[in-house]
Amino acid sequence: MFKDSFKFYKAKWPIPDFSDVLDFDNCTAKGIKEFGLDVDSIYEDVLPGLKPVYSWKCYEIVDRPGLIFIRNPFTPQGQRYWMTRCIRDYPKSPNVVNLSKKLFSQSVIDDWWNSFQNCSDKDDKRRMKVAMRWTTLGYHHDWDSKHYSEKMKNKFPSDLAQLSEFFSKALHLGKYSAEAAIVNYYPIGTTLAGHTDHSEADLEAPLFSFSFGQTAIFLIGGTTKEEKPAALFLRSGDVVVMAKESRLCYHAVPRVMKANLESWNDFPSVYKCEIEPPTNDWDLDTQLFENCADENFWSPFRQFVNDSRININVRQVLREGQLSL
Ligand code: OGA
Ligand code: MN
């Protein structure tokens with residue numbers, strides 16, 4: 001059943017019928033339920049780049065318990081900040097990237113974006129762009145053994161840890177410690193096959209997934225591949241939390257397609273100059289945050305996301321109180 005849906009939405013031609021895809025921009029869609037957050041005063045101090053918590057649109061899918069969807073709680077500047085971190089900063093050594101030593105020089109593997117920017121050959125550049133498919137942060141997942149280990153671990157970016165903690169708190173999901181992340185890069189037309197994420201020692205802590213750039217169709221099924229999955233659109237800024245019953249459910253990305261609207265390029269006057277620059281309370285890169293409002297600075301990143309989707313998938317690896325693997 002899962003496979004059938006995957007094949008259906010993956011099809012290049014004829015273009016499949018999207019009328020069963022849950023669209024959170026269409027609030028009358030059947031099978032989704034909006035819920036409110038009780039917002040207490042601590043959320044007045046919102047992480048820069050996020051809209052105020054009281055304005056977030058949060059949903060559940062009626063027959064997919066445990067799954068939470070938040071429709072783009074990011075400001076345009078916030079979206080640009082996280083995209084730039086994913087494109088420019090996160091794929092740098094000692095973080096691990098998928099680029100093969102057989103195909104790329106060590107300098108490309110160590111600092112992919114810098115090499116990409118300085119590459120003058122059009123074909124090489126194209127090759128470098130489509131080859132970049134993932135970066136891992138914190139505990140690096142070993143894709144062969146499907147394990148994490150203390151030997152394969154680097155410092156987790158503190159800005160991304162704060163972002164995840166902020167969501168966990170705002171959604172009343174309890175204490176959260178972001179310890180591993182996979183940043184996925186999806187050129188339009190690429191897919192991610194059905195799988196479950198079960199390598200973490202703590203399989204109860206939720207999984208936070210942040211989507212930026214072009215639009216995806218996301219499938220979320222049950223704990224077996226026999227169950228027919230629900231399909232939903234994931235657009236730039238959307239947040240999916242796989243908590244509780246949905247934590248170990250099959251999911252996939254059968255399609256990445258061009259977005260209708262580029263919300264990351266749409267700076268309405270209210271967000272033109274973000275309320276205040278980040279204060280010391282937050283570990284954001286203040287200079288980068290400010291640069292993201294500058295079209296010249298943004299231009300190469302804008303080109304990158306013009307035909308790509310980025311997904312940040314954050315996990316807590318250790319159980320509460322556990323100090324190491
Ligand atoms: C993953 C994952 C989903 C997405 O990285 O494990 O499920 O939306 N990503 O890209
Ligand atoms: Mn996954």
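This is a predicted model: local features need pLDDT of at least 70, side-chain atom pairs count only at pLDDT 80 or more; totals for chains, interfaces and linings use all residues.

Modeller: Residues are numbered from 1 along each chain as its sequence is written, chains are lettered from A and ligands numbered from 1 in the order in which they are written, and side-chain values use heavy atoms, with hydrogens and water left out.

Biologist: How far apart are the end C-alpha atoms of helix α6?

Modeller: Helices (H or I, at least four residues) and strands (E, at least two) are DSSP runs, numbered from the N terminus. The expected span is 1.5 Å times one less than the number of residues. For the 13 residues of α6 (158-170) this should give 18 Å, and the end C-alpha atoms agree, being apart by 18 Å.

Biologist: How many residues of α6 are buried?

Modeller: Buried means under 20% relative accessible area, exposed over 50%, and partly exposed in between (1.4 Å probe, protein chains only). Those buried in α6 include L160, L163, F166 and F167. The helix is largely enclosed by the rest of the structure, because the buried residues number 10 of the 13.

Biologist: Which are the edge strands of the open sheet of 4 strands?

Modeller: Two strands pair if DSSP finds at least two bridges between them. The order is β7-β12-β9-β10, with antiparallel pairing. Pairing on one side only marks the edge strands, β7 (192-195) and β10 (230-234).
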